[in-house]
Number of protein chains: 2
Amino acid sequence: MDEKNQFQNRINKDLCNVRMIHLERVLYAKQQAIPFKELEVMSMMYKMLGDPTRLKMLMALRDNEMCVCDLAAFTGLTESAVSHQLRRLRDLALVKKRRAGQVLYYSLDDEHVEELLEIGLAHIRDPYT
Amino acid sequence: MDEKNQFQNRINKDLCNVRMIHLERVLYAKQQAIPFKELEVMSMMYKMLGDPTRLKMLMALRDNEMCVCDLAAFTGLTESAVSHQLRRLRDLALVKKRRAGQVLYYSLDDEHVEELLEIGLAHIRDPYT
DNA sequence: ATTATCTTTGATCATATGTTCATATATAAT
DNA sequence: ATTATATATGAACATATGATCAAAGATAAT
């Protein structure tokens with residue numbers, strides 16, 4: 001096999017050889033790609049759903065708004081740990097809080113979050129429908 | 001404040017005092033909670049969406065099925081790294097593969113995955129609608 | 001059969017993550 | 001003002017995670 005053939009799938013890109021089979025698909029993907037900052041925020045949002053403890057809290061919040069100590073009792077964690085996680089969930093707009101005196105009531109931020117939870121549950125229960 | 005008052009929100013549960021404000025909500029949450037095994041799978045599925053590299057790959061797969069080396073070229077990672085991540089995505093039924101000779105074409109597993117991506121993107125772009 | 005191409009796998013390592021403990025803040029009650 | 005309640009924050013530590021490198025399968029071509 002001569003050198004031309006050997007490198008038929010190697011395309012010079014930014015001074016280094018990168019192998020690819022469908023150049024047009026790679027270019028199209030690059031065109032369509034969302035800005036990196038959005039990608040980071042978006043992946044961080046999913047990551048916040050991607051922990052058993054936080055997910056358990058979120059699933060419970062589908063039915064009722066709950067305060068920190070309730071969530072701690074429910075999850076079996078310390079209130080500190082729950083508070084830490086709620087803060088991260090709040091930073092990504094997955095939950096919101098409402099104050100009533102000393103008590104802070106947490107609930108799902110909006111219907112997007114509910115949908116993400118519903119679809120995720122459906123997916124793991126019926127992977128092929 | 002006498003001892004009765006001091007412990008009004010402390011309920012003996014499994015031999016240790018746990019503070020909670022809404023016992024009925026905690027009990028209801030426990031009743032409604034999905035099995036732990038499902039919770040683990042579900043959170044792992046979101047976790048797989050929760051990494052910039054994997055998410056970038058998945059977003060690209062919305063438009064086209066792509067092979068490993070294309071995805072490597074697109075992401076700027078080694079083919080090995082891409083393959084590792086694709087395997088994890090496949091384990092959670094987020095992508096599927098189709099063989100054509102030596103080339104393996106990856107695509108989103110089903111419409112659940114597309115929906116999860118659409119809603120996630122909508123959420124970070126319009127946090128309040 | 002041998003070689004090339006495309007992809008996968010296992011080990012390794014630096015970084016990221018979740019929990020706990022100690023402490024601080026905020027609101028309410030005495 | 002002082003004390004109690006409810007929550008938040010920062011530091012620390014053990015574990016989990018993602019990328020790389022080296023090597024191995026798997027399919028196709030010669």
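## Surface near DNA strand D

In this predicted model, the residues of the surface near DNA strand D comprise 13 polar, ten nonpolar and six charged ones. DNA strand D is surrounded by 29 residues, and the closest of them are A:Cys67, A:Ser80 and A:Ser83 together with B:Thr53 and B:Ala81. Two or more residues each come from α5 (68-75), α6 (79-91) and β5 (103-108) of chain A, and likewise from α6 (79-91) of chain B. Among these elements, α6(A) gives the most to the surface, with six residues.

## Strand pairing in chain A

Strand β5(A), which contributes to the surface near DNA strand D, is joined by two bridges to β3 (residues 66-67) of chain A, the two running antiparallel. A:Cys67, one of the closest residues to DNA strand D, has A:Tyr105 as its bridge partner in β5(A).

β5(A) is also joined to β4 (residues 95-100) of chain A, here by six bridges and again in an antiparallel arrangement, with A:Ala100 partnered by A:Val103. β4(A) and β5(A) form a hairpin with two residues between them, and A:Gly101 in the turn has a positive phi of about 70°.

## The sheet of chain B and its helix

In chain B, three strands form an open sheet in the order β3-β5-β4, with antiparallel pairing. Because β3 (66-67) and β4 (95-100) of chain B each have a single partner strand, they stand at the edges, and one side of each is left without a neighbour in the sheet. Two bridges join β3(B) to β5 (residues 103-108) of chain B, where B:Tyr105 is the bridge partner of B:Cys67.

Helix α6(B), which gives residues to the surface near DNA strand D, lies across β4 and β5 of chain B and runs at about 115° to β4(B).

Technical notes. Residues numbered from 1 in each chain as written. Chains lettered and ligands numbered in written order. Predicted model: local features only at pLDDT ≥ 70, side-chain atom pairs only at ≥ 80, totals over all residues. Near = placed C-beta within 6 Å. Helix = DSSP H or I, 4+ residues; strand = E, 2+ residues; numbered from the N terminus. Nonpolar A, V, L, I, M, F, W, Y, C, P; charged D, E, K, R; others polar. Pairing = 2+ DSSP bridges. Contact = placed C-beta atoms within 7 Å. Axes fitted to C-alpha atoms, helices over the stretch in contact; angles between N-to-C directions.
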